[in-house]
Amino acid sequence: MAKTIITEGKTTNEAIEKGLKELHVSRDCVDIKVIDEDKRSFFSILAPRVVKVEMTVKECKNVENKENLKKRKEICLSEKEQEIAKSNVQSFLEDFKKNLPQGTNYDVKTDEKGLTIDIFNEELGYLIGYRGETLYSLQNILAIIANKGIEQKVRVILDIEGYKAKREKTLEELAEKVAKTVVKTRKSVTLEPMQPYERKIIHTELQNHRSVETVSVGEEPYRRIIISLKGKNK
């Protein structure tokens, strides 16, 4: 049975953050429901404002308890494992490159967590796909290839022609633009579905905003962000 808790805070985000800490999960791993506040009478208007949020843990690969977090921190690839992972990926990329436009190059860097791969060619837009969907599929494939012969999980981060950096800047600008719209109109704005890492960029960009707050709602792959005035629940 899924675990459900109710947390309180002065704002929706504060209540959510308390719940995430208690459950030891990320936003993507819970269903969030804002519970209606108690109706206030004239005599209670000066009382501290309380927002209640119901959070239910759903099945999610990213659900982490304290023990799992500890294990993740302990993962550290040896130099030999890094070389094996790099060799696995390079062998694949050498064959894969034969099917790509002429002049395509790649670079593979290693560290204790895994690999960072950059592929370069301005004609590789089709490998990025709509909002990076193809890129992330290829990244998952490369992660499987990199892990061959290695017991520990190898993290693989793939970028193509600097797409991720450009996308990050676009999302940061979008977050600020929508925040201004929310403040001006005093109405919440729901963004279109995004990849988990893209939602994280939006949340991070606005987490210290003085007037708006963000929350993710819905199920993958249609999970999206709602940007609203602080304390104004929809």
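**Packing notes**

Colleague: Which residues does T7 touch, not counting residues up to four places away in sequence?
Modeller: T7 touches A15, I16, K18, G19, E22, V51, K52, V53 and M55, where contact means heavy atoms within 4.5 Å.

Colleague: Before we go on, what kind of model is this?
Modeller: It's a predicted model: local features need pLDDT of at least 70 and side-chain atom pairs count only at pLDDT 80 or more, while totals for chains, interfaces and linings use all residues. Residues are numbered from 1 along each chain as its sequence is written, and side-chain values use heavy atoms, with hydrogens and water left out.

Colleague: Back to T7, where does it lie, and is it buried or exposed?
Modeller: T7 lies in strand β1, residues 4-9. T7 counts as buried because its relative accessibility is 5%; buried means under 20% relative accessible area, exposed over 50%, partly exposed in between, with a 1.4 Å probe and protein chains only.

Colleague: How many helices and strands are in the protein chain?
Modeller: There are 7 helices and 9 strands. These are DSSP runs numbered from the N terminus, helices being H or I with at least four residues and strands E with at least two. Of the 234 residues in the protein chain, 37% are buried.

Colleague: OK, helices. How do α6 and α7 pack?
Modeller: Helix α6 (residues 163-185) and helix α7 (residues 196-206) pack at an angle of about 45 degrees, and their axes are 9 Å apart. Axes are lines fitted to C-alpha atoms, for helices over the stretch in contact, and angles run from 0 to 180 degrees between N-to-C directions. So α6 and α7 are oblique to each other; under 35 degrees is roughly parallel, over 145 roughly antiparallel, 65 to 115 roughly perpendicular, and the rest oblique.

Colleague: Which residues meet there?
Modeller: From α6, Y163, K164, R167, E168, L171, E172, A175, E176 and A179 meet Y197, E198, I201, I202, E205 and L206 in α7. The residues of that contact divide into 8 nonpolar, no polar and 7 charged. Here Ala, Val, Leu, Ile, Met, Phe, Trp, Tyr, Cys and Pro count as nonpolar, Asp, Glu, Lys and Arg as charged, and the others, Gly among them, as polar.

Colleague: And what do the buried residues of α7 pack against?
Modeller: They pack against α6, β8 (212-217) and β9 (224-229). The buried residues of α7 are E198, R199, I201, I202, H203 and L206.

Colleague: What about α3 and α5, at what angle do they cross?
Modeller: Roughly 130 degrees, with the axes coming within 8 Å. α3 and α5 are therefore oblique to each other. A85, N88, V89, F92, L93 and F96 in α3 meet L138, L142, I145 and A146 in α5, and the residues of this contact divide into 9 nonpolar, 1 polar and no charged.

Colleague: Switching to rings, how many aromatic pairs are there?
Modeller: A search of the whole structure finds 2. Rings of Phe, Tyr and Trp (its six-membered ring) pair if their centres lie within 6.5 Å; planes under 30 degrees apart count as stacked, over 60 as edge-to-face and the rest as tilted. F92 and F96 are stacked, because their ring centres are 5.4 Å apart and their planes are at 15 degrees. F92 is partly exposed at 25% relative accessible area, whereas F96 counts as buried at 19%.

Colleague: And the pair of Y136 and Y197, what are its numbers?
Modeller: The ring centres of Y136 and Y197 are 5.5 Å apart and the planes are at 45 degrees, so that pair is tilted. Y136 lies in helix α5 (residues 133-146) and Y197 in helix α7, so the pair ties together parts that are 61 residues apart in sequence.
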